[in-house]
Every structure is written in C-alpha cells, then in structure tokens.
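Subject: Structure handover

Hello,

Here is the structure you are taking over. Please look through it first; notes on what was found follow below.

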Amino acid sequence: LRLANENRYEGQWKDDKKHGKGRFFYLDRGQMYTGVWCDDIPKCGTVEDFGRQEAPKPTIYPLPECKLQDLRGVVKDAEDMFLDEQQ
C-alpha cells in the first residue's frame with residue numbers, strides 16, 4: 001500500500017486490511033513502525049527513526065532510547081502471543 005504522501009505499508013493482509021506482521025513507513029515524518037496489525041490497527045511493535053533528517057515534516061523530538069536488556073526478545077514474545085490469539 002502506498003499513500004499519496006508516499007507513506008507505505010509492507011506486510012500481511014486479511015479482508016483488505018493490514019493484518020499480521022508488517023511495516024509502515026511514515027516517510028513524511030521519518031519513522032517506521034514494525035510489528036503486528038489487527039484489522040488495520042497497529043497492536044504490538046516498535047517505532048524507530050528512519051530517515052528523519054530528510055523527512056519533509058519530521059517529528060519535533062527524536063524517539064527516546066529503549067533501555068530493555070532484551071528489547072527484541074520482549075517484542076517477539078509479545079507479537080507471538082498476539083498472533084497466537086488471532087488464530
């Protein structure tokens with residue numbers, strides 16, 4: 001999916017809605033969400049700066065650093081649990 005402002009979604013679909021694992025590129029503000037979607041709604045994932053310096057409308061404040069010891073493991077466990085509930 002590519003929107004008029006060039007923001008785009010890459011990932012899984014169900015009934016013409018974002019559903020399952022995917023990434024949404026907010027190119028207008030220089031951020032990217034990676035995670036799980038359910039019926040077009042982001043449910044569990046991470047947001048990171050992605051080309052923020054080149055974005056036409058960057059966010060005012062950068063994202064704070066996450067200090068979890070195992071950020072990827074925590075997010076993966078949460079995503080897996082959410083995906084299991086959807087089946």
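The buried residues of helix H1 pack against strands E2, E3 and E4 (41-49). Those buried residues are Gly-73, Val-75, Glu-79, Phe-82 and Leu-83. Buried means under 20% relative accessible area, exposed over 50%, and partly exposed in between, with a 1.4 Å probe and protein chains only. Helices (H or I, at least four residues) and strands (E, at least two) are DSSP runs, numbered from the N terminus.

This is a predicted model, in which local features need pLDDT of at least 70 and side-chain atom pairs count only at pLDDT 80 or more, while totals for chains, interfaces and linings use all residues. Residues are numbered from 1 along each chain as its sequence is written, and side-chain values use heavy atoms, with hydrogens and water left out.

Overall layout

The protein chain has 1 helix and 4 strands, in the order β-β-β-β-α along the sequence. Its C-alpha trace spans about 40 × 35 × 15 Å along the principal axes. Of the 87 residues, 29% are buried.

Helix H1 covers residues 71-86.

The largest nonpolar core has 5 residues: Tyr-9, Phe-24, Tyr-26, Tyr-33 and Trp-37. Strands E2 (17-26) and E3 (31-38) each supply at least two residues of this core. A nonpolar core is a set of buried Ala, Val, Leu, Ile, Met, Phe, Trp, Tyr and Cys residues joined through side-chain atoms within 4.5 Å.

Leaving aside neighbours within four places in sequence, Tyr-26 is in contact (heavy atoms within 4.5 Å) with Asn-7, Gln-31 and Tyr-33. Asn-7 sits in the segment before strand E1 (8-14) and counts as buried because its relative accessibility is 4%. A polar atom of the Asn-7 side chain lies 2.7 Å from the backbone nitrogen of Leu-27.

Largest pocket

The largest pocket holds about 370 Å³ of space. It is lined by 13 residues, of which Thr-46, Glu-48, Leu-71, Arg-72 and Val-75 lie nearest its centre. E3, E4 and H1 are the elements that give two or more residues to the lining, and H1 has the largest share, with 5 residues. A pocket is an open set of points on a 1 Å grid over the protein atoms alone, where a 1.4 Å probe fits, with protein on both sides within 12 Å along at least five of seven lines; lining residues have an atom within 4 Å of a point. Grid points are joined across faces, edges and corners, and the volume is the space filled by probe spheres set on the points.

Regards

Conventions:
A polar contact is a pair of N or O atoms within 3.5 Å; within protein, one must be able to donate a hydrogen and the other to accept it, and residues adjacent in sequence count only if both atoms are side-chain atoms. The expected span of a helix is 1.5 Å times one less than its number of residues.
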